[in-house]
Amino acid sequence: PFIENCFYPITHDKYVTFNTSSKIQSKHYDLWQEVVDLLTPYFKENGIKILQLGEKKDPAIEGVYDYRGSLNFNQASYVLKKSMLHFNVCDHLSYVSYNSNVPSVVLFSNELSDSFCSFDKGGLNKNFIPLDSPKKLGCSYSPVEIPKTINDISPALVANKILDNLNIKNDLNLLDPIHIIILELLNSFLILCLQQIYLKIP
């Protein structure tokens, strides 16, 4: 089988692609916005844009170029193959990036990443980085997980692997979920303080 590429005009020279599409609840990652927020300062410094592919109904992510619902599968494949890197949860576009040798960071939840490329022991795509969610009780193989194990994958880890795959120096490996929560609490506290100061100004 093969995919017939369909040209689609993209004006960006340097870009990465991602999509949040998943019809399976246990594969829906709720922390893509945090990942993008962590990537943004590094990408701005390197002139890299982020393009969101997928369906129109997919959750919108701020700070990216929105192509949701604008491309058919063949056009999305064309745009993806021209990208510097693709990241998402394992789906049909993951197979496109893997088989097109596009550097990729792909999240796995209800099944092991070994099931994705076990057929290729030689490693077709050397820059394919799978990230498995913690599986204390083994794989659920279930379309529904409560709670979802995929959300146990740290946004800092995802962003770190993306930047490492692009050879962009970063210190995100020093962050962990606890540090991120602390930073978010400090940021919220700062905003609250600024609001109080603003309200006291005559």
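This is a predicted model: local features need pLDDT of at least 70, side-chain atom pairs count only at pLDDT 80 or more; totals for chains, interfaces and linings use all residues.
**Entry 1: helix 1 and helix 5.** I looked up how helix 1 (residues 32-46) lies against helix 5 (residues 155-165). Their axes come within 8 Å and cross at roughly 40 degrees. The crossing of helix 1 and helix 5 is right-handed.

I then listed the residues that meet. From helix 1 they are Trp32, Glu34, Val35, Leu38, Leu39, Tyr42 and Phe43, and from helix 5 Pro155, Ala156, Val158, Ala159, Ile162 and Leu163. Sorted by class, this contact has twelve nonpolar residues, one charged and no polar ones.

**Entry 2: Phe7 and Tyr78.** I found seven aromatic pairs in the structure. In one of them, the ring centres of Phe7 and Tyr78 are 5.4 Å apart. Their planes stand at 70 degrees, so I put the pair down as edge-to-face. Phe7 sits in the segment before strand 1 (15-19) and Tyr78 in helix 2 (residues 73-81), so the pair links parts of the chain 71 residues apart. I also checked accessibility: Phe7 is exposed, with a relative accessible area of 55%, whereas Tyr78 is buried, at 19%.

**Entry 3: Tyr29 and Trp32.** I looked up this pair next. The rings of Tyr29 and Trp32 are edge-to-face, 4.9 Å centre to centre with 75 degrees between the planes. Both residues, Tyr29 and Trp32, are buried. Which cluster do ring pairs make of Phe18, Tyr29, Trp32 and Phe87? I recorded that ring pairs link these four, Phe18, Tyr29, Trp32 and Phe87, into one cluster.

Key. Residues are numbered from 1 along each chain as its sequence is written. Side-chain values use heavy atoms; hydrogens and water are left out. Axes are lines fitted to C-alpha atoms, for helices over the stretch in contact, and angles run from 0 to 180 degrees between N-to-C directions. Helices (H or I, at least four residues) and strands (E, at least two) are DSSP runs, numbered from the N terminus. A crossing is left-handed if the near helix is turned anticlockwise from the far one by less than a right angle, and right-handed if clockwise. Contact means heavy atoms within 4.5 Å. Ala, Val, Leu, Ile, Met, Phe, Trp, Tyr, Cys and Pro count as nonpolar, Asp, Glu, Lys and Arg as charged, and the others, Gly among them, as polar. Rings of Phe, Tyr and Trp (its six-membered ring) pair if their centres lie within 6.5 Å; planes under 30 degrees apart count as stacked, over 60 as edge-to-face and the rest as tilted. Buried means under 20% relative accessible area, exposed over 50%, partly exposed in between (1.4 Å probe, protein chains only).
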